Amino acid sequence: MDRIQALEEFLAIDPTDAFTRFALATEYLKTGDIRRAREFFEGLLKDKPEYVGTYYHLGKLYEDLGATDQAIKTYRSGIAVAGSQKDFHARAELQSALLEAEGIDDDD
């Protein structure tokens, strides 16, 4: 049984489990199924906005798709969520991604 199949079975048992949904999104991304990965990331963001890891990965996916404005919006939302959770590591990663998406990096 492959990883996606196993995760789909876990999801069937508990469709609200954020970790399983996140894992499925990343597995679909690894296989190149961008559409399914995006669906899972966006659905997770809608249903579980407190799941802070989603913001970084969905933002990067938007960047890869050329949707920089959407990526920036996603990073900013994630920064707010991470800050409210006092997750300083996630907030720092999101701030770094935001600066990069805005064209500002350490070399400037």
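Contact here means heavy atoms within 4.5 Å. The model used in these exercises is predicted.

**Exercise 1. Contacts of Val52**

Task: List which residues Val52 touches, leaving out those up to four places away in sequence.

Solution. Apply the contact cut-off to Val52. The partners are Gly78, Val81, Ala82, Gln85, Asp87, Ala90 and Leu94. The largest nonpolar core has 30 residues. Val52 is among those with the most contacts inside it, along with Leu24, Tyr75 and Leu94. Finally, ask which elements build this core. Those that give two or more residues to it are α1 (3–13), α2, α3, α4, α5 and α6.

**Exercise 2. The span of helix α5**

Task: Work out what span helix α5 (residues 68–84) should have, and compare it with the distance between its end C-alpha atoms.

Solution. Count the residues: α5 has 17. The expected span is 1.5 Å times one less than the number of residues. That gives 24 Å for α5. Now check the model: the end C-alpha atoms are 24 Å apart, which agrees. Then look just past the helix. Lys86 takes a positive phi of about 55° there.

**Exercise 3. The buried side of α5**

Task: Find which residues of α5 are buried, and name elements that cover them.

Solution. Buried means under 20% relative accessible area. In α5, this holds for Ala71, Ile72, Thr74, Tyr75, Gly78, Ile79, Val81 and Ala82. Now recall the helix geometry. An α-helix has 3.6 residues a turn, so residues three or four places apart point the same way. Last, the cover: it includes α4 (53–64) and α6 (88–101).

**Exercise 4. Aromatic pairs around Phe22**

Task: Classify the ring pairs that Phe22 makes with Phe41 and with Tyr51.

Solution. A search of the whole structure finds three aromatic pairs. Take Phe22 and Phe41. Their ring centres are 5.9 Å apart and their planes lie at 65°. Planes over 60 degrees apart count as edge-to-face, so this pair is edge-to-face. Phe22 sits in helix α2 (residues 18–31) and Phe41 in helix α3 (residues 34–47), 19 residues apart. Both Phe22 and Phe41 are buried.

Now take Phe22 and Tyr51. The centres are 5.5 Å apart and the planes at 55°, so the pair is tilted. Tyr51 lies in the loop between α3 and α4, so its pair with Phe22 in α2 ties together parts 29 residues apart in sequence.

Phe22 has 14% relative accessibility and so counts as buried. Tyr51, at 24%, counts as partly exposed.

How values were computed. Residues numbered from 1 in each chain as written. Predicted model: local features only at pLDDT ≥ 70, side-chain atom pairs only at ≥ 80, totals over all residues. Heavy atoms only, no water. Helix = DSSP H or I, 4+ residues; strand = E, 2+ residues; numbered from the N terminus. Buried < 20%, exposed > 50% of the residue type's maximum accessible area, 1.4 Å probe, protein only. Phe/Tyr/Trp six-rings, centres within 6.5 Å; stacked < 30°, edge-to-face > 60°. Core = buried A, V, L, I, M, F, W, Y, C linked by side-chain atoms within 4.5 Å.
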